[in-house]
Amino acid sequence: MVKKYKTVYVFDTQAPSHKYAGQRQVEEDYQLLPNETLVEPQKGQDNYWNVETGAWVTSTVAIYCYDVNNNNTLSDMFSVPAGTTLKTGQTTVVPKDGLYEPRFNGTTWESGITEAEWNAQQPKTEVKPSAQQQVVMQQQASISSLQQMVMKLTADNAETQQVVMNLKSELAEAKKGSN
């Protein structure tokens, strides 16, 4: 008996966009998984599986979610396949840049708080260097100190050599004068 095969097209169910993830051959009696379809995606394009229509689409739409139980404040943002029906608490209206904890009034996004208020609410975390970073910083300080000492010794050595040369010159002059 000859086995028959069919092509199954796989989409990513971890992301709401349901992007095309590949294809594979399966036996004809194979039962599809929730992230698979027999519908072939469009060639040469990005493809996203629209679960509602049971078809591949070539674009996504940005969805902005607002919490209907918390003054309609912005709660999430993600992309879905074009043609997806919006659910309660979702809109395609883009919040304006610079809004802090915006609220959706049913038509537009409004600012909830000022930038200063938002900054004041952010957790204050003190960044402390790790033990390894502290050792590295100590080593760098030691290296810097040693480099300064080498520079001072080099300068002292140059000065000493100059004094020795001057003394040799004076000694040679003194020997010439005594002859």
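Predicted model: local features only at pLDDT ≥ 70, side-chain atom pairs only at ≥ 80, totals over all residues.
The chain contains ten strands and two helices. In sequence order these elements follow the pattern β-β-β-β-β-β-β-β-β-β-α-α. The radius of gyration of the chain is 37 Å, whereas a compact globule of 179 residues would have a value near 16 Å. Along the principal axes, the C-alpha trace extends over about 120 × 65 × 30 Å.

Of the 179 residues, 18% count as buried. The accessible surface of the chain amounts to about 13,500 Å², and carbon and sulfur atoms contribute 53% of this area. Among contacts between residues at least 6 apart in sequence, 40% connect residues at least 24 apart.

Eight aromatic pairs are present in the structure. One of them is formed by phenylalanine 11 and tryptophan 56, whose ring centres are 6.2 Å apart; the pair is classed as edge-to-face because the ring planes stand at 85°, beyond the cut-off of 60 degrees for this class. Phenylalanine 11 belongs to strand β1 (residues 5–11) and tryptophan 56 to strand β5 (residues 55–57), so the pair ties together parts that are 45 residues apart in sequence. Both phenylalanine 11 and tryptophan 56 are buried. These two residues also belong to one aromatic cluster, formed by Phe11, Tyr20, Trp49 and Trp56.

Terms used. Residues numbered from 1 in each chain as written. Heavy atoms only, no water. Helix = DSSP H or I, 4+ residues; strand = E, 2+ residues; numbered from the N terminus. Rg over C-alpha atoms; globule rule 2.2 N^0.38 Å. Buried < 20%, exposed > 50% of the residue type's maximum accessible area, 1.4 Å probe, protein only. Contact = heavy atoms within 4.5 Å. Areas by Shrake-Rupley, 256 points an atom, 1.4 Å probe, with all protein chains shown as cover. Phe/Tyr/Trp six-rings, centres within 6.5 Å; stacked < 30°, edge-to-face > 60°.
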